[in-house]
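Please read it with the sequence and the coordinates open beside it.

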Amino acid sequence: MTEQSQFAAPASATKRGGPLIALLVGAAFVVTLNETIMGVALPQLMIDLAITASTAQWLTTGFMLTMAVVVPVTGYLLERFTLRAVFFTAMGLFSAGTLIAATASSFGLLMPGRIVQACGTAIMIPLLMTTVLNVVAPARRGRMMGVITIVLSVAPAVGPTLSGLILSALDWRWMFLLVLPIALVALGLGAIWIQNVIEPQAVRFDALSVVLSAFAFGGLIFGLSSVGESVNGNAIVPVWVPLFLGSVSLVGFVLRQLQLQQHDRALLDLRTFRSRPFNTALVLVFIMNAGLFGTLILLPLYIQNVLGLSTLQAGLTLLPGGLFMGLIAPGVGSLFDRFGPRPLVIPGMVVSALALVVMTSFDATTLIDWVVVAHVLLCLGFGLAFAPLLTSALGSLPQELYPHGSAIVSTVQQLAGAAGTSLFVTVMTVRSASAAAIGADTVAASADGIHTAFVWSAVIVFVAAVLSVLIRARPSTPDTEPALG
C-alpha cells in the first residue's frame, strides 16, 4: 500500500476531473439529503402505515445505524475496487432503495428501502473525498473541499424544509419519487464521466474486522441514539447494553487493525492517527458536528413547541442559514488555498460560539426574525471552519491513506451527530421535566429545557474555539509531515 503510483490519476482522468467531481458532488448531495428528509414525515407515516412513534423512528435510526456499519468498510472498498465499480455500487444501491421506498405499502417494505438507501449513502461521501484528494492539486483542494461542505452541511439542513414543502402538497411517497429520476440520471452520466483515477489493489478482506466494526460503531450509535428515549423510560433495551457492547467491540476492532496494518491488511488503517494535524482537526470536526446536529434538533423543537409555528414554517426558518452556508463555501475554500486554515477556523469557531450564546436568550416572546439571524450567524461560523478543518485533516495524510482518512472522518461525523443529538435531547428532556414538576406549563417547561441545552452547546463550542488555536497556520501536506510508514 506504499507505492504512490497505485494512486496516481491517469492524465485523461485529470483532464476530466471537473465533470467527474461535479457528478460526484451532485450525487453526494442527493444521497445525503435523504439522511434528514424523513424526520418531518414521521407523523404522517404513523397515520398512513398505522405504526407507533417508536416504530416510525426506526426509519431515521435504522438509516443512521446502517451508515455507522457501512462507512468504516469504505476504506477497504476504495482500495480494492475501481472508482467506477464503487460509484455504480453506491448509486445503484441508493436508486434501488429509493425505488423500494417509493413503492412501499407497509413499514415492512419501507424500512428495507431506507436500509438499502443508507448503504449507498455511506459509500458515496468517502468516495467523493478520496477522489478530490487524488485528482485535485493541493493548491486547489480548499476550494474543492469547500464545495464538499455544501454536501455535508447544506443537504442535512435543506432536508426538513424540502420534505415539509413536499408534504404540504403531495403524498409522502413523492419524497422518493422526485429523487429517483435524479439518481438514475447520475447513473447514466456516470457511464460517461466516471474515470478510474485510483488503481485497485489486491487487499485481503478480513471478515472479523467487519463484524467488530459493525458491533462497535453500530452499538455506539444505537446507544447514543437511545439515551433520550431512556430518560423517558421508552428505550427498547437498557442504554448501557449497546454502549458497553460497542465500547468492548471498539477495543477489539482497534487491536485487530493494529495487528493487520503491520501487513497492510487493515480494514481501517489507524496510521492516520500518527498525523497530529489530522488528530487536531478530527477533534474539532467531532465537536462541530455534535453542535450542528444538536442545534438542528433543538431549533425545530423550539420553533414548534415554544413559538407555536408549523413544521413547514420551522423548515423555512432554518432554510436561509443552510443556503447561506452553501453560498459562502466556495469562497471559504479559496481563502483556505491562499491563507491556510487558521485565519478561518479560529474566527469561525468564535462566531459559532457567539451565535449559540445568542440562542441561550431565546424564550416564548422571541421574534422569529431574530431566530433566523442567530441561525444564519451560526451557519456563518460553521461555514468558515468546516471546509478548512476537513482539508487540513485529510490533506495532512500520505496519499496511500486517503481512503482510510476519508472513512474515519465520515465515521466520526456519524458518531458526533448521534452524540450531539443524544446530549442535547437528554439535557432538554431532564430540564423540561424538572420545570414541569415545579408547576411550569408545557410551553414554559419546553422553553426552559431548550434554553439549558443551548447553554451546554455554547459551552462545548466555546471549548472548541479555544482548541482551534492548535490548528497550524498553513495546511499540512505529506511533503511537510514525517512519513507514516
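1. The side chains of T98 and Q117 are joined by a polar contact of 2.9 Å, a polar contact being a pair of N or O atoms within 3.5 Å where, within protein, one must be able to donate a hydrogen and the other to accept it, and where residues adjacent in sequence count only if both atoms are side-chain atoms. The model is predicted, with local features needing pLDDT of at least 70 and side-chain atom pairs pLDDT 80 or more, whereas totals for chains, interfaces and linings use all residues. Residues are numbered from 1 along each chain as its sequence is written, and side-chain values use heavy atoms, without hydrogens and water.

2. T98 counts as buried because its relative accessibility is 0%, where buried means under 20% relative accessible area with a 1.4 Å probe and protein chains only. Residues up to four places away in sequence set aside, T98 touches Q117, F176 and L180, contact meaning heavy atoms within 4.5 Å.

3. T98 sits in helix α7, helices being DSSP runs of H or I with at least four residues, numbered from the N terminus. The buried residues of α7 include F87, M91, F94 and T98.

4. The largest nonpolar core has 117 residues, and F87, M91, M124 and L389 have the most contacts inside it; such a core is a set of buried Ala, Val, Leu, Ile, Met, Phe, Trp, Tyr and Cys residues joined through side-chain atoms within 4.5 Å. Helix α14 (residues 276–306) contributes the largest share of this core, 14 residues.

Technical notes. Buried < 20%, exposed > 50% of the residue type's maximum accessible area, 1.4 Å probe, protein only. Helix = DSSP H or I, 4+ residues; strand = E, 2+ residues; numbered from the N terminus.
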